[in-house]
Structures are given as C-alpha cells and as structure tokens.
Amino acid sequence: MSNTKQEAIYDARVLGRGKMLTLGLQHMFAMFGATVLVPVITGLSMSATLLFAGLGTLIFHLLTKLKVPAFLGSSFAFLGGYASVVQMGMAEGLSQAQALPYACIGVFCAGLIYFILAGLFAWFGPKKVMRFFPPIVTGPIIIAIGLTLSGSAIQNCTQNWWIALLAILIIIVANIWGKGMIRILPILLGVIGSYVVAACFGLCDFTPVKEASWIGLPVKWENTAIAVFKNPNWGLIVAAIIAIIPISLATMMEHIGDMCAISSTTGINYLENPGLHRTLMGDGLATALASVFGAPANTTYGENTGVLNLTKVFDPRVIRIAAIFAIVLSFCPKFSAIIACMPAATIGGVSLVLYGMISAVGVRNIVENQVDFTASRNVIIAALILVLAIGIKYGAGDAIDLGFTKLSGLAIAALVGVILNAFLPGKDYEFGENPVGDKSVNMSGTATRLERLRNPDWKADHDSYTKGKRIAPKDE
C-alpha cells in the first residue's frame, strides 16, 4: 500500500486529544491483563515490567519508522525458561530473587537472536530462512511450552480451587459470550473478578499495599542482570543462555504471525514496509533492554490487534499514548503492591487457561499447515520434541546435567527438532505457500480470527488450500 493510501486512512480518523487519550488508555488495559500476569507468575518486578512494556513499545515504533500500530507486552513463551533457570539456581543454593537475574541474561541473549534473524531476512528473504523453522518444529515446541508449564498452574489452583474455578469461568464466559471490549479482556476480567471475590472473603493480605509508597523508582539494582556480574556463577550463566535461547524460535514465529495479523487488520503490508527485518529488530531490542533491567521479555500483543479491529483507528500515535500510560504507572509502587497481593489461586486459574491456549496454538499451527504425519521424518521429529521436553521436565528434575552445564528439557527438545529437520530428507515446507498456516503461530490466537473478520474471502482461501490448491499471498 502506498504512503498516500496509508495517510488517507489516518486522515479519515480526525481524533481530538480527549478521544486519543481514551483510545490509548483502552489499549493499555487490553495489554494489561496478560502483561502484569508474567511478573506475578515469575517473581519479576511488576514496576519494571510496566516501565519496559512502555519503553519497549516506543523503541519498537522508533525502529519501524513510527508506522506499525503494535504494542509490546510481556511474553508468556519464556515462562518455562524462567522457571527452569530458577530451579537450577535454587539447586545451587540461590534464592528465587537471586536466580531470576541469571534467567534475564539468557533472555538478553535470546533478544539478540532477533537481530540475527532480522539480518537473515534482509539478506536472504523469508522463504530461505523459514525453511529451517517449519511447523513440524515450531508446532511441537509451542505445545511443549504449554504442557511443561501446566504443573505450576495446578499447584497454584490447589491453594483454593473455588477461586481458581471462578477465574476460569469468568474467562470462558467473557471470551465466548462477551461483546466488544469484554471479549478482548477476558484475562483481565478473570483476574479482577476472582481477586475481588477472594478479597471479600478475607483471602488477601493488603498490608504491603498500605506500606507501599505512592511514588518510587521502578528498577532496583539487585534485580538487574548487571548485578549478577558482581559475584557471577559462570556455569549458571552458560546454562541459562543455552536453556532460554531456543525459546526465541517460538517467539519469533509469534512475532511474524502478529505482523501478518496487524497487516491484515489495517490493510497495510508492514512485512514489506517498514519490513519484517525492522519489526524483528524492534522486538529484539525491546526484549534485550528489558531483560537487562530485570523485566520480562517483550513481544507484540495480539490483544491490541483486536482493539485495532474493533475501533478501526490505526494511528500508531494511539499506541504510543498507551505506552506512556504504562510508563507513568510503573512509578507507583502502591499499584504494584496491589498486583503482588493477588491470591495464588487466581494466578493458577488464569494460568491454567493461558498455558492451555499456548499448547492449543501449537496444535493449530500443525493442523493449519497440514503437516503430513504419514511421513516417518515428521513423526520422529514431533515425537522427540514432545517426549524430551515433557519427559525431562517431569522425569529428570527439569534439566539434564551435561557436566559443563545443564540443559532444560525445552532447550534440548528445540535443538533436537531443528537439527533433525535440517538433516532428515523429505522437507516439504515453504513459507508463503499457505497464507493461513503462516499466520497460525500467533500465541494469542488472534490472527486467524481477525483474518476471518477482515477478509471475506478467508474461508474460501482456507477451503481451497485444504483441498490441495495453492493460494498465493495477496501481494504476489
């Protein structure tokens, strides 16, 4: 799409300051439910999370020439990596707070991998690069991410099953029968609803909220990755890097799916202009910077793409307003304390749904790309990825000691999958041949739904492809 047409879309929406502020606030709340859940689950700083969600979004917009209306929030794909490194650190006598910065070092390195892939995309083009990360590899990896996290969700649910079930029920009702913004905010509604009920029954201790100040710095030195190097455990640093870097394969696929979804929603091909290499660099830099200061990895958010589709306001300035709101909230410790007092059962109920959704997205990735499981190579690759990831997680204490370092089951599974796919004969995947399947890796599950809403030919394209006919991408 030409710049003239892009400008016409923005000019068609004459927004006053008040409306733009309201739309920005709406975008912040759309990302809020999932973004704040990551630090609650991992133990990372809530204030730092909000700060670098906002800063990361602004960095992303700067690197993408201020063109792409995307918001960056906390990535759920790295939850398994954080948990694995924390367990390895605690096995060596560290506390959770002391082990988390080591995980952040691994996430920092994962963020740098984005730059490598961005360079490859710029140099070789997407088709040649993506053939090393086909659905037979990324699909089972995503499935394994959700399944390996399921144990922690159940443990939290056991604290109070009634509160956990209430959170799940609210999420289901809002997502299935909700209208408008209610359907976009099921996670936030599930958190708030179950939290309020738990508070009414005296299940929450709000003492930390009373003690917290209204204003404070969002970053503490001891929580940063830099603090590790004051007295480093080099073995744990290496183990954290090896355990977490493979997860970036899944998050980069998620990023590509999100960019396809946003392009479909706005009618502007952002993969071409400003280019996938720029969006990947923006996402990677935001992740790397956040991890240095003890915040979770960032990722483009499908929830905000849903807001774009509802409002039909595609001006990136609205997203940048939402980022500023997040930054301002990060300087309020009392707000962070309210989140920290959330009952474990609420976290468990919400996590149970989210982790299951992650695995379900992996299944969808495989189905919509029509992976041929009559081929022995595909069966072997998928089988080894799933068995290694889950088996090592629950049968070998989450990681295997290789002598010089420890590798998590997820890391071993990802490496084995990529290597086997590269060397076993019979590769038949080509990125760009199936426009439906290429978008199905989106973690939030938004891409395909938005494609149906935005594109009246979606079903015809999907049905034609599933009958064996190749549907060329719209820009071919």
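## Basis of the description

Buried denotes a relative accessible area under 20%, exposed over 50%, and partly exposed in between (1.4 Å probe, protein chains only). This is a predicted model, in which local features need pLDDT of at least 70 and side-chain atom pairs count only at pLDDT 80 or more, while totals for chains, interfaces and linings use all residues. Residues are numbered from 1 along each chain as its sequence is written, and side-chain values use heavy atoms, with hydrogens and water left out.

## The loop between α4 and β1

K65 lies in the loop between α4 (46-63) and β1 (72-74); helices (H or I, at least four residues) and strands (E, at least two) are DSSP runs, numbered from the N terminus. Although K65 is not a glycine, its phi is positive, at about 60°. K65 is partly exposed, with a relative accessible area of 43%.

L66 is found in the loop between α4 and β1. Phi of L66 is positive, near 60°, in a residue other than glycine. L66 counts as partly exposed at 45% relative accessibility.

## Packing of α9 and α19

Helix α9 (residues 161-177) packs with helix α19 (residues 344-368) at an angle of about 40°, their axes being 7 Å apart. Axes are lines fitted to C-alpha atoms, for helices over the stretch in contact, and angles run from 0 to 180 degrees between N-to-C directions.

The contact (heavy atoms within 4.5 Å) is made by I163, A164, A167, I168 and I171 of α9 together with A345, T346, G349, V350, L352 and V353 of α19.
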